[in-house]
Amino acid sequence: MAEVIDYPILALVGQEEMKTALILAAINPRVRGVLLMGPRGTGKTTAARGLVDLLPPVPRSICPHGCEPRLATISMEYICPDCAAKLEAGEDITYLASMQSVELPLNATMDDVIGGPNPRIALEQSRWQLQQGVLYYAHRNVLYVDEINLLDEEIVNAILDAASRGYYVVRRGRLIGTFPSEFLLIGSMNPEEGMLRPQLMDRLGLRVVVPPLTDPEDRLEIYERNRRFTDDPVAFAAGYAEQTMALAEEIAQSKELLPQVTIPATIAEAAMKLINTLKAQSHRAEIVLLEAARARAAADGRVDVRKEDIVVTAPLSLRQRRSDFMERFVTDSREEDSGIARVVEETLGQEKG
Ligand SMILES: [Zn+2]
């Protein structure tokens, strides 16, 4: 078989919230990725892999150094001499290509992620040459990190840093390389195997709980579709091709509409009230909520965010953001502060001069 056929995302039974979250994250990168939480076998990996079929083609660098016009706008230092000459001459240094799904292996090391020494070159020529890591291949693609809760914290941090900055730096002695890294991050985890540390969790935008379906008819339908897919993946995928293309077109249009979408003051105020009442501590909560709401408005073909957008995106953006510990910590430290102020006043207030 020349190409592996992935199970179409639209053939997933139910799990509407997961599909919605993935589509909103695809429309608006500012929601900062999606975390899928649930037991094994509920379609998380299938959805993450299938999402690329819904995404419009992206410009990709023709250069092995990954030079892009966007990097040139930051600094010409990020552009190799060849590409600098091409840009100077008004030539393209990118071409359009479809997005891919890149997966991080569970046992990945830091070198596997950001790049490390090329072992063949090191052995044969005893010199150091960079072998690119997963982040390099994830650029302008979907990066799927299965079991993100089981990875080394250092690795998750490197991925989240690259995702939020849009580039990453590889340093080896005096050698230094900067590479672009804009990707749609999808993490998945089985909460039974342990949670993600709060500071890492905070940096992932949308959160979806992906439960197993309970309706017997749904479960039977999952079995039937899987059987048809296993029998003939090409024919099965073809049955969803038209729907998939139509949705991909809608998503492309939504992405174009997004910059025009605004949030009326009354809606923004209501959203902030919601966040305060729900005691979501991190200020990332409001960014994710409002950006997800803008994406939903764009998905609906509107340029104004409405109440319904907040209703749909609030659970996705705000769940698992409240920390009882932090709440107690902040309250305790305020009490302590007023105690200190009182003692300072009592003690120093009486002193003269
Ligand atoms: Zn170049």
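Q: How many residues does helix H15 have, and what distance does it reach from its first C-alpha to its last?
A: Helix H15 (residues 307–318) has twelve residues and reaches 16 Å from its first C-alpha to its last, close to the 16 Å expected at 1.5 Å a residue. The expected span is 1.5 Å times one less than the number of residues in the helix. Helices (H or I, at least four residues) and strands (E, at least two) are DSSP runs, numbered from the N terminus.

Q: What kind of model is this, and how are residues numbered?
A: This is a predicted model, in which local features need pLDDT of at least 70 and side-chain atom pairs count only at pLDDT 80 or more, while totals for chains, interfaces and linings use all residues. Residues are numbered from 1 along each chain as its sequence is written, and side-chain values use heavy atoms, with hydrogens and water left out.

Q: Back to H15: which residues are buried?
A: Asp309, Ile310, Thr313, Ala314, Leu316, Ser317 and Leu318 are buried in H15. Buried means under 20% relative accessible area, exposed over 50%, and partly exposed in between (1.4 Å probe, protein chains only).

Q: What do they pack against?
A: The buried residues of H15 pack against H1, strand E11 (206–209), helix H13 (265–277) and H14. Contact means heavy atoms within 4.5 Å.

Q: And what follows H15?
A: H15 is followed by Gln320, whose phi is positive, near 60°. Gln320 lies in the loop between H15 and helix H16 (324–349). With a relative accessible area of 47%, Gln320 is partly exposed.

Q: Which loop holds Lys279, and what is its phi?
A: Lys279 is found in the loop between H13 and H14, and its phi is near 55°, a positive value in a residue other than glycine. Most residues other than glycine have a negative phi. Lys279 counts as partly exposed because its relative accessibility is 37%.

Q: Changing topic, what about H12: which residues are buried, and against what do they pack?
A: Helix H12 (residues 241–257) has 17 residues and reaches 24 Å from its first C-alpha to its last, close to the 24 Å expected at 1.5 Å a residue. Thr244, Leu247, Ala248, Ile251, Ala252, Ser254 and Leu257 are buried in H12. These buried residues pack against H1 and helix H14 (284–299).

Q: How many bridges join E7 to E4 and to E10?
A: Three bridges join strand E4 (residues 101–103) to E7, and these strands run parallel. Within that pairing, Val142 is the bridge partner of Ser101. Four bridges join E7 to E10, also parallel, and Tyr144 stands opposite Ile186 in E10. Two strands pair if DSSP finds at least two bridges between them.

Q: Parallel or antiparallel for E8 and E9?
A: Strand E8 (residues 167–172) and strand E9 (residues 175–180) pair in the antiparallel sense over six bridges. Their hairpin has two residues between the strands, and Gly173 takes a positive phi near 60° there.

Q: Where is Cys67, and what does it touch?
A: Cys67 is found in the loop between E2 and helix H3 (69–74). At 0% relative accessibility, Cys67 counts as buried. Not counting residues up to four places away in sequence, Cys67 touches Ser61, Tyr78, Ile79, Cys80, Cys83 and Ile93.

Q: What is the volume of the largest pocket, and how many residues line it?
A: The largest pocket has a volume of about 690 Å³, and it is lined by 24 residues, of which Pro29, Arg30, Glu182, Phe183 and Leu184 lie nearest its centre. On a 1 Å grid over the protein atoms alone, a pocket is an open set of points where a 1.4 Å probe fits, with protein on both sides within 12 Å along at least five of seven lines; lining residues have an atom within 4 Å of a point. Grid points are joined across faces, edges and corners, and the volume is the space filled by probe spheres set on the points.

Q: Which element gives the largest share of that lining?
A: H8 does, with three residues. The lining divides into 14 nonpolar, three polar and seven charged residues. Ala, Val, Leu, Ile, Met, Phe, Trp, Tyr, Cys and Pro count as nonpolar, Asp, Glu, Lys and Arg as charged, and the others, Gly among them, as polar.
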